[in-house]
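Have the coordinates open while you read.

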Amino acid sequence: MAIIEVRDLRKVYGGRAAVDGVSFAVEEGEIFGVLGPNGAGKTTTVECVEGLRVPDSGLVRVAGLDPVADHREVTQLLGAQLQESELQAKLTVREALELYSAFYEKPVDWRPLAERLGLGEKLDSRFGKLSGGQKQRLFIALALIGGPRVVVLDELTTGLDPRARRDTWQLIEEVRASGVTVLLVTHFMEEAQRLCDRIAVIDRGRLAALDTPAGLIGRSASSTVISFTPSRPLDPRELAELPAATSVATDERDGRVTVNGTDDTVNAVISLLARQHVTAHQLRVVDATLDDAFLDLTGATT
């Protein structure tokens, strides 16, 4: 069943609709991603789910509760790591965990939680002395300390180095494995492709697409890219007429050919080359990524 429901959500600032009729539902136990260009409205959407902003119209429910009217109840079942989070520099990890525990009626034991997140040896360290990765682990702990059914993670890995980012991804997968539903806001395509069961793409305040990562990639105009250098020139019109081919380009410098299409196009290209006795040097076949699908849907850079 859906633990989060957003229906026809609209939020206006200064006469401009930051969120304009967005609808989606998050099933319990999934990692649900929200993607979009900067300023697309994704953070505003999630803040309405958290009860931090009041929608101008539409419906938002978390476990059947209104995040605004039932704010106290929602805060007891929803944990959040905000896009810009900070703690007082002199506060120790232990003090932060004890403080946040006091906010909840039935908090989890923060000690095993700290150990699980690799903070056991940092309990007496001050927040200002933590590394970026350690701070993010602490924020995850603070989001989970209330024993939530849902946790919202907004741009969790921004500013982390590649290793710290991958360690954080593993933590998110462990959080979901423990039974917590994860609402993940990100602009990292690799992150979304690896972690998310389904993704809502928001662009200019509207829902541009809602699908699995594989489904979004399959919608891409170029789900497969074939490139090679032919042993002799080919007629690009013949390549363009192949099944599911969406575009053909030839590099004037070295004659290298690039064909965008699908798996069917790969077989068709190989068959054409065989019929014409053309050898394909440095043949490469690359599947499209979520980056490609994102660009097709929004026309924006990541």
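Helix H10 (residues 263-275) lies across strands S10 (224-230), S12 and S13, and runs at about 15 degrees to S10. Contact here means heavy atoms within 4.5 Å, and helices (H or I, at least four residues) and strands (E, at least two) are DSSP runs numbered from the N terminus. Axes are lines fitted to C-alpha atoms, for helices over the stretch in contact, with angles from 0 to 180 degrees between N-to-C directions. One caveat: this is a predicted model, where local features need pLDDT of at least 70 and side-chain atom pairs count only at pLDDT 80 or more, while totals for chains, interfaces and linings use all residues. Residues are numbered from 1 along each chain as its sequence is written, and side-chain values use heavy atoms, leaving out hydrogens and water.

Now for the strands under that helix contact. They belong to an open sheet of 4 strands in the order S11-S12-S10-S13, paired antiparallel; two strands pair if DSSP finds at least two bridges between them. S11 (247-250) and S13 (280-287) are the edge strands, each with a single partner, so one side of each has no neighbour in the sheet. From one strand to the next, the twist averages 15 degrees. S11 is joined to S12 (residues 257-261) by 4 bridges, and Val248 has Val259 in S12 as its bridge partner.

Strand S1 (residues 2-13) is joined to S2 (residues 16-27) by 9 bridges, with Val12 opposite Ala17 in S2. The hairpin of S1 and S2 has 2 residues between the strands, and Gly14 takes a positive phi near 55 degrees there. S1 also pairs antiparallel with S4 (residues 57-62), over 5 bridges; Arg10 has Ser57 in S4 as its bridge partner.

On to the helix pairs, which both involve H5.

| Helix pair | Axes come within | Crossing angle |
|---|---|---|
| H5 (residues 132-144) and H6 (residues 162-177) | 10 Å | roughly 15 degrees |
| H3 (residues 93-101) and H5 | 9 Å | roughly 20 degrees |

Val93, Ala96, Leu97 and Tyr100 in H3 meet Leu138, Ala141 and Leu142 in H5. The residues of this contact are 7 nonpolar, with no polar and no charged.

Last, the charged pairs. The count comes to 17 salt bridges, taking a side-chain nitrogen of Lys or Arg within 4 Å of a carboxyl oxygen of Asp or Glu. One of them joins Arg198 and Glu30, at 2.7 Å from N to O. This pair links distant parts of the chain, 168 residues apart: Arg198 sits in strand S8 (residues 198-203), and Glu30 in the loop between S2 and strand S3 (31-35).

Methods. Ala, Val, Leu, Ile, Met, Phe, Trp, Tyr, Cys and Pro count as nonpolar, Asp, Glu, Lys and Arg as charged, and the others, Gly among them, as polar.
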